[in-house]
Structure formats: C-alpha cells, structure tokens
Amino acid sequence: MSGRLVGIGVGPGDPELVTVKAVRRLREADVVLVPVLALDEPGRAEATVRAHVDAARIKRVVFALNDRGGITPRRAAAWDAAARAVAGEFAAGARTVAFATIGDPNVYSTFTYLAQTVRELVPGVEIETVPGITAMQDLAARSGTVLVEGAESLALMPLTGGVARFRDALDRYDTVVAYKFGGVAEEVLAALRETGRLDDAVYGARLGLAGEDVRPARDLGGEPLPYLSTLIAPGRRTTRGGKLT
Ligand SMILES: C[S@@+](CC[C@H](N)C(=O)[O-])C[C@H]1O[C@@H](n2cnc3c(N)ncnc32)[C@H](O)[C@@H]1O
C-alpha cells in the first residue's frame with residue numbers, strides 16, 4: 001500500500017526558524033526520517049527536529065553526505081537504501097512519512113534524490129514538500145544585508161566545482177551567494193577583491209547553531225572554514241531605490 005512522503009525544510013539550524021506548517025506536518029507524520037552520516041551520529045536536521053518532535057518518532061537514515069564526484073556508488077547505494085527504508089515504513093503501516101532536511105527541501109537537498117527513488121520504488125506514492133528558510137535568507141537577516149532590491153538579479157551556487165562560475169556570476173548578476181565554498185575560500189576572496197565587491201560581502205558559518213560566526217568577508221584570514229558556511233556578495237547600490245525600474 002502506498003502512502004505520502006513529505007520533504008520538510010527545517011531551516012538552517014535555529015529551532016525557531018521552522019514554519020508553523022513544518023512543525024504541524026512533522027508532528028502529524030507517522031515517522032520522521034532524518035539524514036545522517038552514520039547511525040551513531042545525530043544529523044544536522046535532527047537537532048532541529050528534536051526541538052519540536054518526540055524523539056521516539058525520529059529515525060536516522062544514512063546518506064553519503066560528504067561524498068564528492070557526481071553519482072558515486074556510495075551515494076547511489078544510500079539513495080536506494082533510504083528509499084527502501086521509506087517503502088518499509090509504508091509496508092509497516094505508516095500513511096505519512098516525513099523527511100526532514102536543513103534549509104529548504106527544494107534547494108540543494110538530499111530529499112530530491114530520495115523522492116525520485118521512492119517514486120520508482122513505490123507506485124502511487126504521493127510526494128510533497130514543505131518549504132523551509134534557507135541559509136542564504138538567515139545570513140541576510142543576521143548580517144543586516146538586503147539580498148535583492150528593485151530589478152536586481154540573484155545567483156546562488158555551490159562552489160564544490162571551483163570558483164570559475166562564481167567569478168563569472170559576479171560579472172553577470174547583481175547579488176551572488178555561495179554555498180559550500182570552504183575549499184576555495186582564498187580564490188573567492190581574491191575574486192571579490194578584484195571586482196571591488198569585498199567590502200560589502202558578508203560571511204556566516206553555523207548560523208543559528210553553537211559557534212555561529214557572522215562577519216564581513218574581508219575579515220576572513222586564511223583559516224579553514226566549516227562545511228556550514230555561506231557568503232553573500234550583495235549587488236552594488238548607491239542611491240535609495242536606485243535599482244528600481
Ligand atoms: C547541501 S546545502 C543545503 C542547503 C539548504 N537546503 C538550504 O536551503 O539552505 C549545504 C550548504 O548550505 C549552507 N548552509 C546550510 N546551513 C547552514 C548554516 N546553518 N550556516 C551556514 N551555512 C549553512 C552551507 O553553504 C552548506 O555548505
């Protein structure tokens with residue numbers, strides 16, 4: 001018997017940055033699955049979910065969250081195993097299975113690949129998502145940065161594939177946001193400096209979590225950056241309303 005799989009965004013880390021709808025759907029689900037690197041380690045989404053849901057209804061599902069290099073065998077095997085875990089919950093009587101994910105489930109989330117796999121494995125399954133607040137939005141709020149105004153464009157990208165796209169985006173778009181850029185932080189800072197964008201750029205790590213670090217990007221000084229790091233280079237603005245058309 002098929003059921004409903006709901007991908008629920010639980011925000012970047014602050015348990016208060018979870019929508020009322022997300023909390024309701026987490027509580028109504030028969031089981032809440034959370035992605036983890038290993039079964040004996042709590043996941044990033046799990047910490048937020050635990051603030052709102054009885055721990056007895058939370059189950060960990062292992063994903064190859066740290067893999068790089070496309071569709072690695074570990075990644076594919078983890079998606080398949082997680083989809084079987086969802087199917088197993090339906091077979092055991094669950095009508096609604098929630099899957100919690102940091103930020104938004106439609107923004108660079110493991111949920112995308114899980115949902116595709118479950119759709120093939122469980123005929124008739126209904127799949128839904130509940131939006132969540134992204135790290136990009138949380139950094140904008142915590143740093144007092146306007147993300148976009150008037151007719152400005154916004155580019156968001158992970159930099160695991162290198163800094164070339166980021167340099168290109170600084171030319172083509174107004175505000176540029178980088179996720180997963182720790183490995184190329186020095187090149188990112190150089191690109192910002194060369195394009196005159198360094199002074200306005202802001203950096204935020206572990207937003208909403210212990211050890212949160214929000215500061216101007218120009219204050220970064222070669223130290224290793226955590227995985228949960230985000231950078232915003234806002235559009236250039238000179239006049240109030242100057243980007244309105
Ligand atoms: C796999 S993506 C997940 C994005 C997430 N679904 C969203 O909507 O924001 C992981 C990246 O999101 C950013 N991120 C997520 N949570 C964060 C946090 N609490 N603090 C800073 N950056 C965060 C980092 O750039 C991190 O490398």
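1. Two strands are taken to pair if DSSP finds at least two bridges between them. In this predicted model, strand S7 (residues 175-179) and strand S10 (residues 229-233) meet that criterion, running in the antiparallel sense over four bridges. Within this pairing, Ala-178 has Leu-231 of S10 as its bridge partner.

2. The S7 and S10 pair belongs to an open sheet of five strands, ordered S6-S7-S10-S8-S9, with mixed pairing. Strand S6 (154-158) and strand S9 (213-216) are the edge strands, each pairing on one side only. From one strand to the next, the twist averages 15 degrees. In general, strands of a sheet pair through backbone hydrogen bonds, either parallel or antiparallel.

3. On overall architecture, the protein chain contains seven helices and 10 strands. A compact globule of 245 residues would have a radius of gyration near 18 Å, and the 19 Å of the protein chain therefore agrees with that expectation. Along the principal axes, the C-alpha atoms fill a box of roughly 60 × 35 × 35 Å. Buried residues account for 38% of the 245 residues. Among contacts with a separation of 6 or more, 68% join residues 24 or more positions apart.

4. The largest nonpolar core has 36 residues, of which Ile-8, Leu-26, Val-32, Val-49, Ala-98, Phe-99 and Ala-100 touch the most other members. Elements that each supply at least two residues of this core include strand S1 (4-9), helix H1 (20-28), strand S2 (31-36) and helix H2 (44-50). Strand S3 (58-62), helix H3 (73-91), strand S4 (96-101) and helix H4 (111-121) are also among them. The largest share, six residues, comes from H3.

5. Leaving aside residues up to four places away in sequence, Leu-26 touches Ile-8, Val-32, Val-49, His-52, Val-53, Ala-98 and Ala-100. A second, separate core comprises 28 residues, including Ala-185, Ala-201, Ala-205 and Leu-220.

6. Helix H4 has Phe-111, Leu-114, Ala-115, Thr-117 and Val-118 as its buried residues. These residues lie on the same side of H4 because they cover an arc of only 165 degrees around the axis. The packing partners of the buried residues of H4 are S1, H3, S4 and strand S5 (126-130). As background, an α-helix has 3.6 residues a turn, so residues three or four places apart point the same way.

7. Helix H7 (residues 185-194) buries Ala-185, Val-188, Leu-189, Ala-191 and Leu-192. Their arc around the axis is only 160 degrees, which puts them on the same side of H7. Helix H6 (164-172), S7 and S10 are among the elements covering these buried residues. The face turned away from the buried side of H7 carries the exposed residues Glu-186 and Glu-194. After H7 comes Gly-196, with a positive phi near 70 degrees.

8. Is Ala-38 buried or exposed? Ala-38 sits in the loop between S2 and H2. A residue is counted as exposed if 12 or fewer other C-beta atoms lie within 10 Å of its own; Ala-38 has 10 C-beta neighbours inside 10 Å and therefore counts as exposed. Ala-38 and Gly-211 are 173 residues apart along the chain, and their C-alpha atoms are separated by 23 Å.

Note on methods: Residues are numbered from 1 along each chain as its sequence is written. This is a predicted model: local features need pLDDT of at least 70, side-chain atom pairs count only at pLDDT 80 or more; totals for chains, interfaces and linings use all residues. Axes are lines fitted to C-alpha atoms, for helices over the stretch in contact, and angles run from 0 to 180 degrees between N-to-C directions. The radius of gyration is taken over C-alpha atoms; the globule rule is 2.2 Å times the number of residues to the power 0.38. A residue is buried if 20 or more other C-beta atoms lie within 10 Å of its own, exposed if 12 or fewer, and partly exposed in between; C-beta atoms are placed from the backbone. Two residues are in contact if their C-beta atoms, placed from the backbone, lie within 7 Å. A nonpolar core is a set of buried Ala, Val, Leu, Ile, Met, Phe, Trp, Tyr and Cys residues joined through C-beta atoms within 7 Å. The arc is that of the directions from the helix axis to the C-beta atoms.
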